[in-house]
Amino acid sequence: MSFDAIAPSYRTLETIAFGRDLQGARVACLGELVSPRRALIVGEGNGRFLCELLRRHPDLAVDCVDASQRMQEIARQRIEHELPDRTNRINFFPQDIASWSSPEHQFDLIVTHFFLDCFPEHRLAEIVAKLSRAAAVNATWLLADFCIPPGGFARWRAGLWLAAMYRFFQFTAGIEAKELGDPSPFLRTAGFALVSQHLFRHGMVKSELWRNIGILPVRPADILSAASDAAE
Ligand SMILES: C[S@@+](CC[C@H](N)C(=O)[O-])C[C@H]1O[C@@H](n2cnc3c(N)ncnc32)[C@H](O)[C@@H]1O
(Lines give C-alpha, C1' and ligand atoms only; values in the text may rest on other atoms or scores of the structure.)
Protein backbone atom coordinates (compact mmCIF):
# COMPACT_ATOMS: atom_id res chain seq x y z
CA MET A 1 0.00 0.00 0.00
CA SER A 2 1.38 3.45 -0.86
CA PHE A 3 -0.18 6.87 -1.14
CA ASP A 4 2.97 8.25 -2.81
CA ALA A 5 1.44 8.38 -6.29
CA ILE A 6 -1.65 10.34 -5.27
CA ALA A 7 -0.02 12.48 -2.56
CA PRO A 8 0.54 15.55 -4.80
CA SER A 9 -3.09 15.59 -6.01
CA TYR A 10 -4.69 14.41 -2.75
CA ARG A 11 -5.92 17.83 -1.68
CA THR A 12 -7.33 18.72 -5.11
CA LEU A 13 -9.18 15.40 -5.34
CA GLU A 14 -10.56 15.90 -1.84
CA THR A 15 -11.81 19.40 -2.64
CA ILE A 16 -13.49 18.25 -5.86
CA ALA A 17 -15.25 15.37 -4.10
CA PHE A 18 -16.06 16.85 -0.69
CA GLY A 19 -15.39 20.59 -0.67
CA ARG A 20 -14.39 21.64 2.86
CA ASP A 21 -16.23 18.89 4.71
CA LEU A 22 -13.29 16.55 5.36
CA GLN A 23 -11.14 19.32 6.77
CA GLY A 24 -14.17 20.42 8.81
CA ALA A 25 -14.36 16.89 10.23
CA ARG A 26 -10.61 16.77 10.99
CA VAL A 27 -10.73 19.92 13.11
CA ALA A 28 -14.26 19.63 14.53
CA CYS A 29 -13.17 18.34 17.95
CA LEU A 30 -10.06 20.51 18.35
CA GLY A 31 -11.91 22.94 20.61
CA GLU A 32 -12.61 20.09 23.04
CA LEU A 33 -8.93 19.28 23.68
CA VAL A 34 -7.55 20.32 27.03
CA SER A 35 -3.85 21.24 26.67
CA PRO A 36 -2.38 18.04 25.22
CA ARG A 37 1.39 17.67 25.70
CA ARG A 38 2.43 14.80 23.43
CA ALA A 39 0.55 13.66 20.32
CA LEU A 40 0.78 10.70 18.00
CA ILE A 41 -0.70 11.23 14.54
CA VAL A 42 -0.89 8.13 12.37
CA GLY A 43 -1.50 8.51 8.63
CA GLU A 44 -1.40 12.30 8.86
CA GLY A 45 -1.14 12.71 5.10
CA ASN A 46 -0.38 16.18 3.74
CA GLY A 47 -0.19 18.06 7.05
CA ARG A 48 -3.36 20.16 6.95
CA PHE A 49 -4.62 18.83 10.28
CA LEU A 50 -1.13 18.97 11.79
CA CYS A 51 -0.89 22.70 11.03
CA GLU A 52 -4.23 23.45 12.67
CA LEU A 53 -3.32 21.37 15.70
CA LEU A 54 -0.02 23.20 16.18
CA ARG A 55 -1.64 26.60 15.66
CA ARG A 56 -3.93 25.90 18.61
CA HIS A 57 -1.37 24.05 20.74
CA PRO A 58 2.04 25.57 19.96
CA ASP A 59 3.88 23.73 22.74
CA LEU A 60 2.62 20.29 21.75
CA ALA A 61 5.25 17.69 20.78
CA VAL A 62 4.07 15.54 17.86
CA ASP A 63 5.17 12.17 16.48
CA CYS A 64 3.83 11.62 12.94
CA VAL A 65 3.86 8.09 11.53
CA ASP A 66 2.97 7.74 7.85
CA ALA A 67 4.01 5.04 5.40
CA SER A 68 4.07 7.48 2.47
CA GLN A 69 7.37 9.36 2.16
CA ARG A 70 5.76 11.71 -0.34
CA MET A 71 2.89 12.56 2.02
CA GLN A 72 5.37 13.22 4.83
CA GLU A 73 7.45 15.45 2.57
CA ILE A 74 4.38 17.52 1.70
CA ALA A 75 3.43 17.74 5.38
CA ARG A 76 6.96 18.81 6.30
CA GLN A 77 6.97 21.50 3.57
CA ARG A 78 3.59 22.78 4.73
CA ILE A 79 4.83 23.16 8.30
CA GLU A 80 8.06 24.83 7.18
CA HIS A 81 6.02 27.28 5.12
CA GLU A 82 3.11 27.98 7.48
CA LEU A 83 4.63 27.47 10.94
CA PRO A 84 8.44 27.59 10.59
CA ASP A 85 8.94 28.09 14.32
CA ARG A 86 7.13 24.79 15.10
CA THR A 87 9.19 22.42 12.96
CA ASN A 88 11.25 21.39 15.97
CA ARG A 89 8.06 20.21 17.72
CA ILE A 90 7.53 17.36 15.20
CA ASN A 91 9.23 14.01 14.68
CA PHE A 92 8.38 12.43 11.33
CA PHE A 93 8.50 8.63 11.09
CA PRO A 94 8.17 7.60 7.43
CA GLN A 95 7.21 4.01 8.16
CA ASP A 96 4.38 1.51 8.23
CA ILE A 97 2.46 1.43 11.48
CA ALA A 98 3.17 -2.31 11.62
CA SER A 99 6.93 -1.68 11.98
CA TRP A 100 6.67 1.37 14.25
CA SER A 101 7.73 0.56 17.81
CA SER A 102 5.16 1.88 20.17
CA PRO A 103 6.39 3.50 23.39
CA GLU A 104 3.99 2.47 26.17
CA HIS A 105 1.50 4.97 27.65
CA GLN A 106 3.32 8.02 26.30
CA PHE A 107 0.77 9.98 24.29
CA ASP A 108 -2.10 11.99 25.72
CA LEU A 109 -3.46 12.59 22.21
CA ILE A 110 -3.81 10.06 19.39
CA VAL A 111 -5.13 11.07 15.97
CA THR A 112 -6.13 8.71 13.15
CA HIS A 113 -8.03 10.82 10.61
CA PHE A 114 -9.19 8.85 7.56
CA PHE A 115 -6.58 6.21 8.36
CA LEU A 116 -8.42 3.30 10.00
CA ASP A 117 -10.78 3.09 7.03
CA CYS A 118 -7.84 1.83 4.91
CA PHE A 119 -7.80 -1.52 6.76
CA PRO A 120 -9.96 -4.65 6.93
CA GLU A 121 -11.38 -5.49 10.36
CA HIS A 122 -8.73 -8.04 11.36
CA ARG A 123 -6.01 -5.39 10.83
CA LEU A 124 -8.10 -2.79 12.67
CA ALA A 125 -7.99 -4.97 15.76
CA GLU A 126 -4.17 -5.12 15.75
CA ILE A 127 -3.75 -1.43 14.97
CA VAL A 128 -6.19 -0.18 17.61
CA ALA A 129 -4.54 -2.48 20.18
CA LYS A 130 -1.07 -1.19 19.28
CA LEU A 131 -2.09 2.47 19.41
CA SER A 132 -4.05 2.04 22.62
CA ARG A 133 -0.93 0.66 24.32
CA ALA A 134 0.84 3.90 23.38
CA ALA A 135 -1.95 5.96 24.99
CA ALA A 136 -1.58 7.52 28.43
CA VAL A 137 -4.35 7.16 30.99
CA ASN A 138 -7.08 9.70 30.11
CA ALA A 139 -5.63 10.10 26.61
CA THR A 140 -7.88 11.52 23.91
CA TRP A 141 -8.27 9.81 20.53
CA LEU A 142 -9.50 11.95 17.63
CA LEU A 143 -10.96 10.07 14.74
CA ALA A 144 -12.47 11.47 11.56
CA ASP A 145 -13.71 8.83 9.15
CA PHE A 146 -16.39 7.84 6.73
CA CYS A 147 -19.48 6.12 8.11
CA ILE A 148 -22.77 4.73 6.86
CA PRO A 149 -25.95 6.61 7.85
CA PRO A 150 -28.62 4.42 9.49
CA GLY A 151 -31.16 4.50 6.65
CA GLY A 152 -33.01 6.22 3.85
CA PHE A 153 -31.58 8.07 0.88
CA ALA A 154 -28.49 9.16 2.86
CA ARG A 155 -27.53 5.51 3.41
CA TRP A 156 -28.03 4.65 -0.24
CA ARG A 157 -25.98 7.65 -1.38
CA ALA A 158 -23.17 6.90 1.11
CA GLY A 159 -23.06 3.29 -0.15
CA LEU A 160 -22.48 4.49 -3.72
CA TRP A 161 -19.80 6.99 -2.68
CA LEU A 162 -17.97 4.45 -0.54
CA ALA A 163 -18.05 1.76 -3.24
CA ALA A 164 -16.52 4.24 -5.71
CA MET A 165 -13.92 5.48 -3.21
CA TYR A 166 -12.78 1.99 -2.17
CA ARG A 167 -12.28 1.06 -5.83
CA PHE A 168 -10.36 4.26 -6.44
CA PHE A 169 -8.03 3.84 -3.43
CA GLN A 170 -7.52 0.12 -4.08
CA PHE A 171 -6.44 0.96 -7.61
CA THR A 172 -4.32 4.07 -6.87
CA ALA A 173 -2.94 3.34 -3.38
CA GLY A 174 -3.45 -0.42 -3.00
CA ILE A 175 -5.38 -0.14 0.28
CA GLU A 176 -6.17 -3.48 1.92
CA ALA A 177 -9.79 -2.79 2.85
CA LYS A 178 -12.51 -3.62 0.37
CA GLU A 179 -15.25 -2.02 2.43
CA LEU A 180 -15.67 0.24 5.42
CA GLY A 181 -15.07 -1.36 8.81
CA ASP A 182 -16.20 0.08 12.14
CA PRO A 183 -13.38 0.72 14.65
CA SER A 184 -15.80 1.54 17.51
CA PRO A 185 -15.98 -1.97 19.08
CA PHE A 186 -12.18 -2.18 19.06
CA LEU A 187 -11.83 1.22 20.70
CA ARG A 188 -14.35 0.28 23.40
CA THR A 189 -12.56 -2.97 24.14
CA ALA A 190 -9.28 -1.07 24.31
CA GLY A 191 -10.73 1.04 27.14
CA PHE A 192 -11.90 4.11 25.22
CA ALA A 193 -15.34 5.71 25.54
CA LEU A 194 -17.00 7.93 22.95
CA VAL A 195 -17.29 11.48 24.31
CA SER A 196 -18.53 13.46 21.31
CA GLN A 197 -19.47 13.03 17.68
CA HIS A 198 -20.11 15.51 14.84
CA LEU A 199 -21.58 14.45 11.50
CA PHE A 200 -20.91 15.97 8.08
CA ARG A 201 -21.95 15.38 4.49
CA HIS A 202 -25.47 14.07 5.21
CA GLY A 203 -24.10 11.71 7.88
CA MET A 204 -21.46 9.93 5.81
CA VAL A 205 -18.50 11.63 7.52
CA LYS A 206 -17.99 11.61 11.27
CA SER A 207 -15.63 13.34 13.63
CA GLU A 208 -15.30 11.68 17.03
CA LEU A 209 -13.53 12.28 20.30
CA TRP A 210 -12.84 9.18 22.41
CA ARG A 211 -11.26 9.15 25.86
CA ASN A 212 -9.19 6.45 27.50
CA ILE A 213 -11.06 5.46 30.61
CA GLY A 214 -8.39 2.95 31.46
CA ILE A 215 -8.53 -0.75 30.81
CA LEU A 216 -4.86 -1.46 30.18
CA PRO A 217 -2.94 -3.31 28.92
CA VAL A 218 -4.81 -4.53 25.85
CA ARG A 219 -3.83 -7.54 23.74
CA PRO A 220 -5.00 -7.92 20.10
CA ALA A 221 -6.55 -11.30 21.03
CA ASP A 222 -8.82 -9.59 23.60
CA ILE A 223 -10.03 -7.14 20.99
CA LEU A 224 -10.62 -9.82 18.37
CA SER A 225 -12.66 -11.93 20.76
CA ALA A 226 -14.68 -8.91 21.89
CA ALA A 227 -15.42 -8.03 18.26
CA SER A 228 -16.64 -11.53 17.48
CA ASP A 229 -18.78 -11.50 20.66
CA ALA A 230 -20.30 -8.23 19.47
CA ALA A 231 -21.03 -9.69 16.03
CA GLU A 232 -22.91 -12.73 17.46
C1 LIG B 1 -6.65 8.16 3.24
S2 LIG B 1 -5.12 8.89 3.70
C3 LIG B 1 -5.62 9.99 4.99
C4 LIG B 1 -4.70 11.16 5.12
C5 LIG B 1 -5.12 12.23 6.12
N6 LIG B 1 -5.00 11.76 7.50
C7 LIG B 1 -6.50 12.75 5.87
O8 LIG B 1 -7.14 13.13 6.86
O9 LIG B 1 -6.93 12.85 4.72
C10 LIG B 1 -4.34 7.59 4.61
C11 LIG B 1 -2.96 7.98 5.09
O12 LIG B 1 -2.48 6.90 5.89
C13 LIG B 1 -1.20 6.53 5.43
N14 LIG B 1 -1.07 5.08 5.62
C15 LIG B 1 -1.77 4.12 4.98
N16 LIG B 1 -1.41 2.90 5.41
C17 LIG B 1 -0.47 3.10 6.36
C18 LIG B 1 0.27 2.22 7.20
N19 LIG B 1 0.12 0.90 7.13
N20 LIG B 1 1.14 2.76 8.09
C21 LIG B 1 1.29 4.11 8.16
N22 LIG B 1 0.61 4.99 7.39
C23 LIG B 1 -0.25 4.49 6.49
C24 LIG B 1 -1.13 6.93 3.98
O25 LIG B 1 0.19 7.10 3.52
C26 LIG B 1 -1.94 8.21 3.98
O27 LIG B 1 -1.16 9.33 4.26
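These notebook entries record what I looked up in a predicted model.

**Conventions**

I worked with a predicted model in which local features need pLDDT of at least 70 and side-chain atom pairs count only at pLDDT 80 or more, while totals for chains, interfaces and linings use all residues. Residues are numbered from 1 along each chain as its sequence is written, and side-chain values use heavy atoms, with hydrogens and water left out.

**Entry 1: the sheet**

I began with the strand order. Helices (H or I, at least four residues) and strands (E, at least two) are taken as DSSP runs, numbered from the N terminus. Two strands are paired if DSSP finds at least two bridges between them. On that basis I found an open sheet of seven strands with mixed pairing, in the order β3-β2-β1-β4-β5-β7-β6. Its edge strands are β3 (90-93) and β6 (192-200), each of which pairs on one side only. On average, neighbouring strands are turned by 15 degrees against each other, direction ignored. For such angles, axes are lines fitted to C-alpha atoms, for helices over the stretch in contact, and the angles run from 0 to 180 degrees between N-to-C directions.

**Entry 2: strand β5**

I next asked how many residues of strand β5 are buried. Ten of the twelve residues in β5 (135-146) are buried, so the strand is largely enclosed by the rest of the structure. Buried here means under 20% relative accessible area, exposed over 50%, and partly exposed in between (1.4 Å probe, protein chains only).

I then listed the pairing of β5. Strand β4 (residues 107-111) runs parallel to β5 and is joined to it by four bridges; valine 111 has leucine 142 as its bridge partner in β5. With β7 (residues 205-212), β5 pairs in the antiparallel sense over seven bridges, and there leucine 142 has leucine 209 as its bridge partner.

**Entry 3: nonpolar cores**

I looked up the cores, each a set of buried Ala, Val, Leu, Ile, Met, Phe, Trp, Tyr and Cys residues joined through side-chain atoms within 4.5 Å. The largest has 49 residues, and Leu40, Leu131, Trp141 and Phe146 have the most contacts inside it. A second, separate core of 23 residues includes Val27, Leu33, Leu83 and Phe92. In soluble globular proteins, nonpolar side chains tend to be buried together.

Beyond four places in sequence, phenylalanine 146 touches residues including Phe18, Phe114, Asp117, Met165 and Lys206.

**Entry 4: helices on the sheet**

Strand β2 (residues 61-65) runs parallel to β3, with four bridges joining them; valine 62 has isoleucine 90 as its bridge partner in β3. Helix α4 (residues 69-82) packs on the sheet and touches β2 and β3, its direction making about 165 degrees with that of β3. Helix α3 (residues 48-56) lies across β1 (38-42), β2, β3, β4 and β5, and runs at about 170 degrees to β1.

Serine 184 is found in helix α7 (residues 184-189) and counts as buried at 7% relative accessibility. Leaving aside residues up to four places away in sequence, serine 184 touches Lys206 and Trp210.

**Entry 5: positive phi**

Most residues other than glycine have a negative phi. I noted serine 35, with a positive phi near 40 degrees, in the loop between α2 (21-27) and β1; serine 35 is exposed at 55% relative accessibility. Histidine 105, in the loop between β3 and β4, has a positive phi of about 55 degrees and is partly exposed at 36%. In the hairpin of β6 and β7, with four residues between the strands, arginine 201 takes a positive phi near 55 degrees.

Methods. Contact means heavy atoms within 4.5 Å.
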